[in-house]
Amino acid sequence: MANVFEIDELKVGYGKLEIIHGVTFSVEKNELFVIVGPNGSGKSTLLKGLFGLASIKGGKILFNGEDITKLPPHERSKLGLAYHPQLNNTFENLTVRENILLAGYFLDRDELERRLENVLEFLPEIRGFMERKVKTLSGGERQMVAFAMNMIKEPNTVMFDEPTAALSPKMADLIFDRIRRLKTEYGLTVVLVEQNAKKALEMGDRAMLLVTGSIKYLGPAQELLTHEDLASMYLGLRD
Amino acid sequence: MMLDTNILLDALVYSNMLALLSLSLTLTIMTLKVANFAHGDLAIIGVYGAYTFLILAHVATYLTLPIAFLFGGLYALLNYVLVYSPMRRRGANFVMLMIASMAIDIATRSMLQMYADVLKLNFKVYSRAFIFNDVVFNIAGTRVRGLVLISTLSVVSLLAILYVLLMKTKFGVAMRAAIENPALAEVLGINVEKVYATSWFLAGGFAGVAGFFLPFRIPTSPDLGFIILLPIFAASILGGINSLSGAVIGGYIVGVSEILGTYLLSQPPINLSTAYRPAIPFAILILTLLLLPQGIASLWSRGE
């Protein structure tokens, strides 16, 4: 199967600090690729590097065959890559409708209406608070708004950075369910960074264990979940 | 003691100006997080632009009002493009931007002094301490001073335009988004530079319009921009520093308090000199910071 991402010896950091020390991996089309690891291992930094929000210190990123290593974020977005940040992923003082409208800023009115209908079909919960300001919403509702903002762009690949952090188990399940459906129903490629390693590995195809900026494991997600040493040492599983 | 109608009307006119100035100062604070010490100068740039046009074209005074908007707006845009935007991109903090604004203030006032000399030497006109003569409109049998009518209409129409722009247009939504979270707006492909530049142009234009009304009330000189800074900041801080509606209301509270307060304190039995006038906005500023540091906007935005 064709690869969506081809990452070669990628080094990512901020300013003079290097956090990801040369990682090489690929993500296949229509795969649910899970990235797990302890706090401070560089998971979020890696995603930011892939989206162009952290500086690339070396290596190469191919996205659907195209070299995007030096492209700014909005150019990557145009190629169908979407990024769901962990924090500050919505405009608090704007209404939900305005947030989604902004995400589709460059679409004409008819196209926007059509896509909005599709998004609301996928995330019907949002219908209940379209006209409310985001700052009045709960954490889970906000994640859904951020989710919708990405979906309005009709991406082919979505990268999630801990979408269930600080959510209730019920809300987390709902978000996980929608992420799974992105892959199964819509045929999208998903890169998922998660603290909730067990849940993420259970639904993932392949997984990567990142420890202090280097790959400790790369392979089937199920195998990492049941791995004798790694699962207990780094992920707090199987104690 | 009866308040003279003229005092009340003067309070209205002064408050109209102050509302525009504090609104526009707040707009620049919200976009760039800079305490702009050159904000008063934008008003003076506006009025000198209008005055120059008046000397050259000999038209009715009020017809030069759009010129004041244009001069104030373009000068603010120039400030943004040449100074603040490059500094923002290099990651300048609040203090650096504030000091840059002080430099712009000094440079602007010096330039205006030079320009005043040029005007005087070339056109043989008063270029310092000049005044505009008002006209009286007759509306359905009621005589209304032009200053009262036009300044009030200006505030109402500019506020309406700004409201429609911010709340009803796509560009306005993008403006509010870029003000709240520029990084996220940039990720979504919104041109944050363009949004900020537009905000500065509008802010400068609003300040220019306010400046246009100055010579109807007091003799206007190049240094006046610095003198009017205190009430502008008092109004903006009273309004909550980050609230446009708060800034407008703050402008009216400070404006009315300043005019009526000065008048009442100068009457018997207190007989205070009107020279103490700046104490009123200063007292409002101090009381706000002590008692309601988030400004009056916090009174209505808390429950949202």
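**View 1. Residue classes in the lining of the largest cavity of this predicted model.** Seven nonpolar, three polar and one charged residues make up this lining (Ala, Val, Leu, Ile, Met, Phe, Trp, Tyr, Cys and Pro count as nonpolar, Asp, Glu, Lys and Arg as charged, the others, Gly among them, as polar). From chain A come A:Tyr83, A:His84, A:Pro85, A:Asn89, A:Ala146, A:Met149, A:Asn150 and A:Lys153, and from chain B come B:Leu184, B:Val187 and B:Leu188. The space amounts to about 100 Å³. A cavity is a set of points on a 1 Å grid over the protein atoms alone where a 1.4 Å probe fits but cannot get out, and lining residues have an atom within 4 Å of a point; the volume is the space filled by probe spheres set on the points, which are joined across faces, edges and corners.

**View 2. Elements around the largest cavity.** Strand 6 (81-84) and helix 5 (139-151) of chain A, and helix 7 (182-187) of chain B, each give at least two lining residues. Helix 5 of chain A has the largest share, with three. Helices (H or I, at least four residues) and strands (E, at least two) are DSSP runs numbered from the N terminus.

**View 3. The second largest cavity.** Its volume is about 40 Å³, and the structure holds two cavities of 30 Å³ or more. B:Tyr14, B:Met17, B:Leu18, B:Leu21, B:Leu214 and B:Ile228 form the lining; the six are nonpolar, with no polar and no charged residues. Helix 1 (residues 5-32) of chain B supplies four, the largest share.

Residues are numbered from 1 along each chain as its sequence is written, and chains are lettered from A in the order in which they are written. Linings use all residues of the predicted model.

Technical notes: Predicted model: local features only at pLDDT ≥ 70, side-chain atom pairs only at ≥ 80, totals over all residues. Heavy atoms only, no water. 1 Å grid on protein atoms, 1.4 Å probe; cavity = no way out; pocket = protein on both sides within 12 Å on 5 of 7 lines; lining within 4 Å.
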